[in-house]
Amino acid sequence: MLLLCLMEKGLKMIQAYQKILEMESIAELKLEQDRMALEKIRKILYQQKYFILDRLTIYLKRELDIQYFFYKIIDIDGNLADILVKEDSRIFEENIQGKELIEFNVEELIDSRMFDNKDEIIIVDLNFEENLLNLSYLCDSLNYNFLSYSDEIKDKLTTFINYVINKNIYKN
């Protein structure tokens, strides 16, 4: 009788263990699904840099009749920035052109307290991968309180980013 009682308790413990294993399996499946969903979201935010920048410069030329050129710059803090520079930009000529390293933090270029940069230089990415463009950076910078961009530039950049993100949401 005692042996039968112990065997029944052992079976109940094993059933409880089986339940835990099932719960663990369900949780692992959920984690994998969440990881896949996060990967899809990142594919939307991280775009092919040179393709997007080419399209953005074409769009800005068409919408604003301003020609922009792509540059990479390094600042005094070691930040590597991808920027679009307006043709004949005074800020670029005076502070960046011909220098291996700019002598201030690159984000000061878009800070209205530091530069009167309505449309001359657009920072499109900062410290990100070589071939990918992090759209999050540009979106976040458009919400910066002291952003020096003109309302027209902000509007055009917002429209362009919305288009790229929405197109990729529906594609994925």
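View 1. A pocket here is an open set of points on a 1 Å grid over the protein atoms alone, where a 1.4 Å probe fits, with protein on both sides within 12 Å along at least five of seven lines. Lining residues have an atom within 4 Å of a point. There are 14 of them, and F51, R55, Y163, V164 and K167 lie nearest the centre. Helices α2 and α5 are the elements that give two or more residues to the lining. The largest share, 7 residues, comes from α5.

**View 2. The aromatic pair of Y59 and F160.** Rings pair if their centres lie within 6.5 Å; planes under 30 degrees apart count as stacked, over 60 as edge-to-face and the rest as tilted. Y59 and F160 are tilted, at 5.6 Å centre to centre and 35 degrees between the planes. Y59 lies in helix α2 (residues 49-64) and F160 in helix α5 (residues 151-171), so the pair ties together parts 101 residues apart in sequence. Helices are DSSP runs (H or I) of at least four residues. Y59 is buried, at 11% relative accessible area; F160 is buried too, at 10%. Buried means under 20%, exposed over 50%, partly exposed in between (1.4 Å probe, protein chains only).

**View 3. The surroundings of F146.** The rings of Y144 and F146 form an edge-to-face pair, with centres 6.0 Å apart and planes at 70 degrees. Y144 is partly exposed, at 33%, and F146 is partly exposed, at 35%. The charged end of R113 sits over the ring of F146, 3.8 Å from its centre (CZ of Arg within 6 Å of the ring centre and within 35 degrees of the ring normal).

Residues are numbered from 1 along each chain as its sequence is written, and side-chain values use heavy atoms, without hydrogens and water. In this predicted model, local features need pLDDT of at least 70 and side-chain atom pairs count only at pLDDT 80 or more, while totals for chains, interfaces and linings use all residues.
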